[in-house]
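Here is a short report on charged side chains. Look at the model first, then read on.

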Amino acid sequence: MESFFVLFKIIEAMENIQALILAAGKGTRLHAKSKPKVLFSILDKPIIDYIIKTLNEAGFKKPVVVVGFKGKLIQEHLKKKAVCVWQKRQLGTGHAVLKAKNALQGADKILIIYGDMPFWQPETFKKLIKSHQKTSATLSLATVILDEPSFFQYGRIIRDKKGNVLGIIEEKEASEKQKKIKESNPGCYLVQTDWLWKALSKIKKSNSGEYYLTDIIGLAVKEGRKINTLPIKDWTQVVGINTKEHLNMAQKIIRERKNHIN
């Protein structure tokens with residue numbers, strides 16, 4: 001039994017999990033004309049720097065970053081801290097992930113997050129990986145209960161009466177009834193790579209003309225794949241920066257954290 005446990009740990013350690021940051025968006029609601037929103041600063045530190053630091057602390061030393069709008073500025077800023085790949089046409093998050101396929105060759109699993117979310121904690125990524133492995137899931141995702149999910153424009157988690165995940169509906173596609181759902185999708189996924197590429201090739205263009213990464217959840221359900229969810233209790237971890245109001249909120253959170261430490 002002991003030898004089997006050791007073997008399991010060796011196999012587990014051999015798994016190659018890579019991190020992917022989606023950072024190609026224009027930041028329209030931030031009126032970001034001269035620079036990408038991930039280079040906007042929170043207390044004199046660019047948003048993307050918070051994310052890179054967190055990933056490094058979680059064990060991801062050189063994440064892949066999908067860039068688009070003003071992408072050269074991100075490349076110049078990150079230098080050797082990440083591998084940058086391009087999404088020149090803004091066709092949605094599903095399309096963005098596909099653009100990183102070559103850079104992610106050899107990965108068994110991919111952790112996917114958005115580049116405008118500076119408050120994730122290393123422990124959260126570690127918990128997601130651990131629960132993913134424990135449940136033998138094909139797809140794992142973080143979820144969070146928010147009083148006003150529309151403030152962040154997050155998609156809603158759709159479940160059946162038994163609590164099983166059926167899919168995610170994006171804010172812009174949701175009905176008024178669906179918008180009342182408080183369980184939200186902050187955009188943190190861990191996916192088996194071989195299945196991911198197949199799933200992305202099957203998703204269809206939405207009514208808004210984009211290929212949504214979130215559509216892979218519905219595909220996983222149809223195929224009977226195991227979907228694992230990790231509830232996030234600290235809502236401040238899921239603050240995404242899309243508007244001036246979000247940026248002001250982020251500044252306040254950082255100040256409060258610093259005051260708490262001091």
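## A pair in helix H6

Glu 176 is exposed, with a relative accessible area of 58%. Exposed means over 50%, buried under 20%, and partly exposed in between (1.4 Å probe, protein chains only). Lys 179 is partly exposed at 27%. These two form a salt bridge, their closest N and O atoms 3.7 Å apart. The term means a side-chain nitrogen of Lys or Arg within 4 Å of a carboxyl oxygen of Asp or Glu. Both residues lie in helix H6, three residues apart, about one turn of the helix. Helices (H or I, at least four residues) and strands (E, at least two) are DSSP runs, numbered from the N terminus.

## About the model

This model is predicted: local features need pLDDT of at least 70, side-chain atom pairs count only at pLDDT 80 or more, and totals for chains, interfaces and linings use all residues. Residues are numbered from 1 along each chain as its sequence is written, and side-chain values use heavy atoms, leaving out hydrogens and water.

## Other salt bridges

The whole structure holds eight salt bridges. One joins the side chains of Lys 53 and Glu 57 at 2.5 Å, N to O. They sit four residues apart in helix H2 (residues 47-57), so about one helical turn separates them.

Another joins Arg 156 and Glu 171 at 2.6 Å, N to O. This pair links distant parts of the chain, 15 residues apart. Arg 156 is in strand S6 (residues 155-159). Arg 156 counts as buried because its relative accessibility is 0%. Glu 171 is buried too, at 8%.
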